[in-house]
Amino acid sequence: MKSWLTTTDHKRIGLLYFWTAFGFFMIGGLEALIIRAQLVRPDGGLGVSAETFNQLFTMHGTTMVFLALMPLSAAFFNYIIPLQIGARDVAFPRLNAFSYWVFLLGGLFLNASFVAGPLFGADRLSVAPDAGWFGYANLTSRQFSPGPNVDFWLLGLQILGIASLAAGFNFVVTILNMRAPGMRMLRLPPFTWMTLITQFLVITAFPVITVALVLLMFDRFFGTHFFLPAGGGDPILWQHLFWMFGHPEVYILILPAMGIISEVLPTFSKKPLFGYTVVVYSGVVIAFLGWSVWSHHMFSTGLGPIADSVFAGTTMLIAIPTGVKIFNWIGTLWGGQIRFTTSLLFAVGFIAMFIIGGLSGVTHASAPSDLQQTDTYYVVAHIHYVLFGGTILGLFSGIYYWWPKMTGRFLSERMGKVHFWLTLIGMNLAFFPMHFSGLLGMPRRIYTYSADLGVARFNQLSTIGAFLIGIATLVFFWNLLRTRRRPSNAPANPWGGATLEWAISSPPPVYNFTVIPTVTSRLPLWQTERHAPMAPLPDRPPAPIHVPGGSWWPMITAFGLPIIAIGALAHLIPIVLAGAAVVIVGIYRWAYEPFEM
Amino acid sequence: MLRGAVYFDAVPLVLALLLLFLTACSGQFPQSVFEPRSDFSTELAGLFTNIFWWAVGVFVIVETLLLIAIARYRARPGAAEPKPVHGHTALEIGWTLAPALILVFIAVPTMRTIFATAGQAPEGALRVEVIGHQWWWEYRYPTLNISAYNELHLPVATPIQVEMTSADVIHSFWVPRLGGKRDLIQGRTNRIAFRADSTGEYWGQCAEFCGASHANMRLRVFVQSDSAFQRWVDQERAAPATPAKGSPAEAGLQVFRRSACIGCHTIAGVAQGKIGPDLSHVGGRATIAGALFPNTSETLHRWIMNAPSLKPGALMPPQNLSPQDLDAVVAYLQSLK
C-alpha cells in the first residue's frame, strides 16, 4: 500500500492512471446512459428534471474529456514511453507522481459536486457543474449561475490543468533527453512521436484555458466584468479563449490514439509502418494547423464573412494531413500478413469510424453548411465518431496490445472479440442516427423534445446503441478483472513487435532494461534489409542499478490544491491559505529530499 | 476470407440505408433542414448536398480500400514473410494532392455561399429585431411600430432583415426551414437576411444552451400573404379588446388588475410590467409559454397555476388564485385577440 502511495515508478503510475481513468470512464458512461434513457421518449422522457439533465451532460463531457480520455492516454504515456525510448524512467519521476495525484484529486473534487448539495443548503444532484463542458459566458456569470455549480467546474479544471501541464513538460523533456543511444528523432516509434506532439500541444494550449479560467474566476469571485457585456466585457472573448485551447485539445485527444494504431497495424501486419516519415510529419502539420482553426466552433456567433472564410479554409486544410495518415495506415495493411487479434480489430475499427467523423467534419468546416448543424445532434454525432470511434477504439486497441506487457497476463481474445463487435454495433446504433436527429431539427443539450419533431424513433435507436456500448464495456471490465486470476505467462514479445518495450520481460523489472540498449534502426527487434535484430539484452543486470525510492511529498503537495479549491468554493480565506501552505511546504520538502531513502 | 472484414462497414452502411428508408416513409419533420423554404436555407441545403456527395464518394473509395486490404491480406499459415515496404513517394504525393483537389471543389462554393448569405438584406427589406430572453423571444418591427412574442409573423416573398441581440445570456435563433442559426448576444447585434418563398407555419427553437429551460425556448414563424400579414399588423396595432360589462372576461380583467400579473406583464391601458411578454393580444396567438403549448383554456389554466412546474426556471411564480378567479383570468386573456 505505502509503496503505491509513494511510488515514482512510471510503470506503477501508468497503472494508477489507467485504473483511475477507467473508473471515471465508467462514471462518464453511466451519465451518458441516464441521458440516453431520458431521451428515449419525447415530451418529458423518463422524468429526469431539466436541472439534473443539465448537470449530467455537463459532467459527461467534462469527465470524458478531462478525466477519461486524456488520462487513459496518459496511462500509456507513463507506462510505454520510457520503455519505447530505452529509458529507466521519465525525466522527473516525482513530478510524474505529482501529476497523477493532482489528476486523481481534481477528478474527485469535480465529482464530489454530485453529493455536495447539502453542504450548500441544497439537495444532492443540484450543485454539479451545469453550464456545458465549454461553459459559455455569460451563462457562467454569478448573475445567471448563482450557485456553486460553475465554481466546482472552474476550480476543478484549474486543478486538472496543473496535472496536465506538469505531465506535459515532463514528457517533452523525457522524450527529448532520455532517449537510448542511437535513438535519433526519426527512429522514435510513432506512438512516442505522437505523444511528443501531443505534449507540445498540452504545454501551449493549457495556459490559454488557465488564463480564461482565471478571468472567469475573477468575474465570479471578485466582481470583474471580463465576459459580462453589462459591464463592458465580451462573452465572445470567452469563446475565443476556450476554443484556442479547445481545438488543440481535440488533437490532444486524438493524436495518442493515432500513435497507438500506428504501432498496432505494423505489428499485426508484419510490415513496417508505411510512410513513417510522412505519418510523423503529418502529425506535426495537424498540430500546427490545429492552432489556426478555433473559430470554426463559432460560425454562428457572427464573425463576418472574412473570418468565416479564413477559418473554413484552414479547417479544410486539416483534412489533407489526416487523409494522408489514413492512406498510410491502409498502405501498412496492404500486402501484409494480417493477424485478426482484438487489438488489430479495434485499430481497423478506428480507421473505419474515424473516416466517418472526418467526413462529417468537412461538412462542419463549410461555414454556411455548419449553420444548420452546429449545436444540433449532428455535431454530437460528429464528436462521437471522432472521440469514440477514433480515440476510444484506438485506446482499446492499445489496451489489448500492451496489457500483456503491463501485467504479464493476456486478456481473453474471445471476450475481446465480443467486446469489439458489441462496441462497433453499439456505437453505430447510438451515434449514426444522431446525424438524422440533428438535421431534422433536434438541438443538443435539451432534456425534452416535442413528439411532433419526428425524431423519437432516431432517439430510441441511439438509446439502444448506448446501452449496447454499456454492455460491451462491462464485458471488457470483466475481461480486465479476470486477468488478475490468470497465469502470468506473457512472453517478452508476445505479438512480435518491433519496438524496445518488447525487448524486456512482461511485466518489466522495476529498472526496465538490464543494460540500456544501443539503437541502430527504426525497428530494433526486426530483421530489415539493412539491419539485423538487436541482440537480446542480458537476463540480469551486469552492474547494480540504482533505483530511487518513493516519496510522500508529491502526494502531499498535490493535496494542497483541492484544499485551496475547497476554501475558494466556501469563500473561506483561512482554508485557502492552509492549502497554499501545504503546497509550499510540500514543494520545499520535496526540493530538499535526499536522493537515497 | 471476407468473414469479419465486410462487417466493418456493413454496420454503418446498413444503418444509413435503414434510416434513409425510415425517414422517407415517416411523417412530417417541421424542423428539417431538408425542406428549405427561403433563399437562405435553399443556399445552405444546396451546399450541404454538394459536400455530402463528395463525402459519400470519399467514404466509398477509402472504406473499400480498407476492406480489400483486410480481406486480401489475412495471414495464412505457411505464407511467405511480407515484403518490408517502407513507403512510396509517388503514392504519398498522389494521396496528398487528391484530397487537396477535392477540397478546392468544396472550398469555392463555400466561400461563395459565405458572402451570399452574409446577412445584408437589400434596401427596402422589412426590419425585424429579435431579442432573446430566458426563455422566450421578443420581436420588434421598428418600421411598423408593433411587437410580437414567440410567434413571428412575416410577409411572404419579401426580403427580411433580422437584427438580433439578447437581454441576458447567449441564445441562438434557429428556424431550419427558413435559414441557418445565428447567436443572440447581449451588447452585440447580429444579422441574417432571407426571403421566404411560401406561406406556412415554420417551427424553430433556441439552439445555444441557455440555462434550465433551454429545451423549452421554442418559436413559430407564420409566413403570410401580404393581405393576411397586413390584417395581423392592423390587429396588433389596435388597442386590446375591452371586455363587455358583466362578462366573465370583465371579471377576469378585475382579477388581473389586482393580482401579481401587472408587475411583469403589459396590457395596453391596463398594466405596464416589463419582465414578461406583452399580453395585449395574447388571445390571438396559437401557442403560449414560448411556443411550448397550444393556446387553450386548459393549458392557460395549468400555466397560470404553476408555470415553473411546466417550464423549469420560469420566473413567473405559481399563482394562488381561487378557481373562479382563475377561470375569469383565462376568459379575459382569451378575449384579447
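Which order do the strands of the open three-stranded sheet in chain B take? Keep that in mind while you set up the viewer.

**Before you start**

This is a predicted model, in which local features need pLDDT of at least 70, side-chain atom pairs count only at pLDDT 80 or more, and totals for chains, interfaces and linings use all residues. Residues are numbered from 1 along each chain as its sequence is written, chains are lettered from A and ligands numbered from 1 in the order in which they are written, and side-chain values use heavy atoms, with hydrogens and water left out.

**Stop 1: the open sheet**

Select E4, E10 and E9 of chain B: the order is E4-E10-E9, with mixed pairing. Strands here are DSSP runs (E, at least two residues), as helices are (H or I, at least four), numbered from the N terminus. Two strands pair if DSSP finds at least two bridges between them. At the edges sit strand E4 (151–155) and strand E9 (200–205) of chain B, each pairing on one side only. On average, neighbouring strands of this sheet are turned by 25° against each other, direction ignored. Axes are lines fitted to C-alpha atoms, for helices over the stretch in contact, and angles run from 0 to 180 degrees between N-to-C directions.

Now show E4(B) with strand E10 (residues 218–224) of chain B, a parallel pair with five bridges. B:Leu152 has B:Val221 as its bridge partner in E10(B).

**Stop 2: a hairpin**

Move to strand E2 (residues 136–141) and strand E3 (residues 146–149) of chain B, which run antiparallel and are joined by four bridges.

While you are here, display B:Glu138 and B:Arg140, whose side chains meet in a salt bridge at 3.0 Å, N to O. The term means a side-chain nitrogen of Lys or Arg within 4 Å of a carboxyl oxygen of Asp or Glu. B:Glu138 is buried at a relative accessible area of 10%, whereas B:Arg140 is partly exposed at 36%. Buried means under 20% relative accessible area, exposed over 50%, and partly exposed in between (1.4 Å probe, protein chains only).

**Stop 3: the largest core**

Which residues have the most contacts inside the largest nonpolar core? Colour A:Trp238, A:Phe350, B:Tyr139, B:Tyr141 and B:Phe173; the core has 258 residues. Helix H3 (residues 50–84) of chain A gives the most to this core, with 21 residues. Domain 1 (7–76 + 86–116) and domain 2 (126–237) of chain B both give residues to the core, so it lies between them. A nonpolar core is a set of buried Ala, Val, Leu, Ile, Met, Phe, Trp, Tyr and Cys residues joined through side-chain atoms within 4.5 Å, and the domain bounds come from an automatic or database domain assignment.

Centre on B:Phe173 next. Leaving aside neighbours within four places in sequence, its contacts include B:Val130, B:Trp137, B:Tyr139, B:Leu152 and B:Leu219. Contact means heavy atoms within 4.5 Å.

**Stop 4: a link across chain B**

Select B:Glu35 and B:Arg177, a salt bridge with its closest N and O atoms 3.9 Å apart. B:Glu35 lies in the loop between helix H1 (7–24) and helix H2 (39–72), and B:Arg177 in the loop between strand E6 (171–173) and strand E7 (182–184), so the pair ties together parts of chain B that are 142 residues apart in sequence. B:Arg177 is buried at 12%, while B:Glu35 is partly exposed at 27%.

**Stop 5: over to chain A**

Finish at A:Thr341, in the loop between H9 and helix H10 (342–365) of chain A. Is this residue buried or exposed? At 11% relative accessibility, A:Thr341 counts as buried. Beyond its neighbours within four places in sequence, A:Thr341 is in contact with A:Phe268, A:Glu413, A:Lys417 and A:Trp495. Two of these, A:Lys417 and A:Glu413, form a salt bridge, with 3.9 Å between the closest N and O atoms. They are four residues apart in helix H13 (residues 413–439) of chain A, which means a separation of about one helical turn.
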